[in-house]
Each structure stands twice: as C-alpha cells, then as structure tokens.
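Q: I have a structure open and want to go through its side-chain contacts. Can you take my questions one at a time?

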Amino acid sequence: MTGPRVEVTDEALMIRYQRGDSSAFAQLVRRHQTPLYNFAFRQLGAPQVAEDVVQDAFVRVVQNAGDFKHEARFTTWLYTIARNLCIDQMRKRALRRHPSLDESRSSEEGEGPTLGEQTADTTANVERDAGGAEIKQRIAKAVETLPNEQREVFLMRELANLPFKEIAEITGVPENTVKSRMRYALERLQEALCEYEEYARALR
C-alpha cells in the first residue's frame with residue numbers, strides 16, 4: 001500500500017531543471033502559466049499582450065536558470081520577472097498614447113478565467129447565472145480601476161495565492177505596506193459591490 005502522494009515543490013523542480021531535466025520545466029509551466037496569465041491580463045487588459053508577458057517570463061526563466069538560488073522561492077522569482085515585464089508594457093503603452101484597449105477586452109471569452117469564475121456555481125439557475133455574471137463583470141471593472149500598486153497586490157494575493165511576505169519581496173516594499181495596499185483594494189472593491197447591491201435593490 002502506497003502512502004499519500006507528496007507534490008514536488010517548485011524549488012525542487014527548478015533544481016532538477018538546472019541539472020538537465022527538461023520535464024521539470026514543463027511541469028513548472030503547466031503549474032504556473034494560468035495564474036500568471038490571469039495576473040498579466042488583469043494588469044494590462046489585453047489578452048495577446050498578457051500571453052506575450054507569460055511567454056517572455058518563462059523564456060527569461062530558461063535564460064537565467066543558472067542564477068536561481070536553491071534557497072529562493074520560485075514564485076517570488078517568476079512573479080518579479082512578470083511584474084517587471086508588465087511595467088515595461090505599461091510604459092510602452094503610455095509612450096504610444098494608445099487611445100484604448102477596450103477592443104481587446106471585448107474578445108476575452110476563452111482567454112482564461114475571470115476573477116469570479118473560480119467560484120462559479122455550475123448548478124445555479126439561469127437567473128442566478130445572469131446575476132452572477134453581472135457581479136463578476138462588476139468586480140473585474142472595479143479591479144481595473146484600482147491604483148496600480150493596489151491592483152498588483154490584490155492580483156498576486158487572489159489569483160496567484162502568494163503570501164504577503166512574498167509579495168513584499170516581489171514589489172520591494174515592507175510587508176506592512178503590502179497589507180495596507182490589500183486592505184485599501186478590498187475596501188474599494190467592497191464599495192463598488194455595495195453600489196451594485198443598492199442599484200439591484202432599487203430595481204426590485
């Protein structure tokens with residue numbers, strides 16, 4: 001009789017990859033590409049650009065694999081790379097003075113789960129589905145309006161499930177600052193949802 005299967009850590013997979021095991025890298029990609037894409041997409045609002053960020057992030061992991069220290073956390077390293085790539089894209093967009101990325105958002109179906117989809121109730125009736133979709137859209141729009149510093153903390157915490165200490169390392173600010181940004185982000189999102197609830201009650 002075999003015991004419970006223990007999942008190999010990211011760090012162990014990275015060490016195996018450094019030693020020449022390409023399957024270990026493939027496992028890291030499978031494990032992290034979806035939350036990393038969701039993080040980049042919610043930061044940048046454009047599916048193709050988010051895909052490019054994810055691809056570039058993993059390319060840099062390959063190029064700099066030898067620099068990874070065994071005592072470091074892989075997710076800290078990966079999200080630091082992705083965050084810097086997102087910042088580069090935001091700077092490019094600001095320089096181009098692009099009028100809007102709304103066109104890209106209109107075709108996001110199938111491009112990865114939105115914030116609320118992870119807890120979607122598949123047994124809900126049509127009316128609840130419609131209301132749930134509206135709330136998800138409301139949350140997504142509220143997240144877009146968050147200041148960059150609050151949004152990135154919220155996304156790393158909610159989509160990537162990173163601990164505050166790790167987010168602090170990635171963003172280069174004290175852990176208490178990270179917690180404050182998360183608190184402000186949640187307060188703003190709660191306000192947005194309260195407005196929605198008041199509007200919904202007025203329609204009844």
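Q: Which ring does the charged end of R183 sit over?
A: The ring of Y184, with the charged end 5.3 Å from the ring centre. Bear in mind that this is a predicted model.

Q: And R157, what does its charged end sit over?
A: The charged end of R157 sits over the ring of F164, 4.1 Å from the centre of that ring.

Q: Switching to ring-on-ring contacts. How many aromatic pairs are there?
A: The count is seven aromatic pairs. One of them is F25 with F58: the ring centres are 6.1 Å apart and the planes are at 85 degrees, over the 60 degrees needed, so the pair is edge-to-face.

Q: Where do F25 and F58 lie?
A: F25 is in helix α2, residues 22–44, and F58 is in helix α3, residues 47–63. The two are 33 residues apart in sequence, so the pair ties together separate parts of the chain.

Q: Buried or exposed, those two?
A: F25 and F58 are both buried. They also belong to a cluster, in which ring pairs link them with Y17.

Q: How are the rings of F39 and Y79 arranged?
A: Their planes are at 70 degrees and their centres 5.7 Å apart, so this pair is edge-to-face.

Q: OK, the nonpolar core. Which residues touch the most other members of the largest one?
A: M14 and L36, in a core of 49 residues. Helices α1 (10–18), α2, α3, α4, α6 (126–145), α7, α8 and α9 each supply at least two residues of this core.

Q: Which helix gives the largest share?
A: That is α2, with 10 residues of the core.

Q: What does L36 touch?
A: Leaving out residues up to four places away in sequence, L36 touches V54, A57, F58, L78, Y79 and A82.

Q: Now charges. How many salt bridges are there?
A: The count comes to seven salt bridges. As background, side chains of opposite charge can pair when their charged atoms come close.

Q: What does E166 pair with?
A: E166 forms a salt bridge with R73, and the closest N and O atoms are 2.6 Å apart. This pair links distant parts of the chain, 93 residues apart: E166 is in helix α8, residues 164–171, while R73 is in the loop between α3 and α4.

Q: Why does E166 count as buried?
A: Its relative accessibility is 2%, and buried means under 20%, so E166 counts as buried. R73, at 46%, is partly exposed.

Q: What about R181, which residue is its partner?
A: R181 bridges to E149, with the closest N and O atoms 3.5 Å apart. R181 lies in helix α9 (residues 175–203) and E149 in helix α7 (residues 148–158), so the bridge ties together parts 32 residues apart in sequence. R181 is buried, with a relative accessible area of 13%, whereas E149 is partly exposed at 46%.

Q: Last one. Which residue does R16 meet in a salt bridge?
A: R16 meets D21, at 3.2 Å from N to O. R16 is partly exposed at 32% relative accessibility, and D21 is partly exposed at 24%.

How values were computed. Residues are numbered from 1 along each chain as its sequence is written. This is a predicted model: local features need pLDDT of at least 70, side-chain atom pairs count only at pLDDT 80 or more; totals for chains, interfaces and linings use all residues. Side-chain values use heavy atoms; hydrogens and water are left out. Rings of Phe, Tyr and Trp (its six-membered ring) pair if their centres lie within 6.5 Å; planes under 30 degrees apart count as stacked, over 60 as edge-to-face and the rest as tilted. Helices (H or I, at least four residues) and strands (E, at least two) are DSSP runs, numbered from the N terminus. Buried means under 20% relative accessible area, exposed over 50%, partly exposed in between (1.4 Å probe, protein chains only). A charge sits over a ring if NZ of Lys or CZ of Arg is within 6 Å of the ring centre and within 35 degrees of the ring normal. A salt bridge is a side-chain nitrogen of Lys or Arg within 4 Å of a carboxyl oxygen of Asp or Glu. A nonpolar core is a set of buried Ala, Val, Leu, Ile, Met, Phe, Trp, Tyr and Cys residues joined through side-chain atoms within 4.5 Å. Contact means heavy atoms within 4.5 Å.
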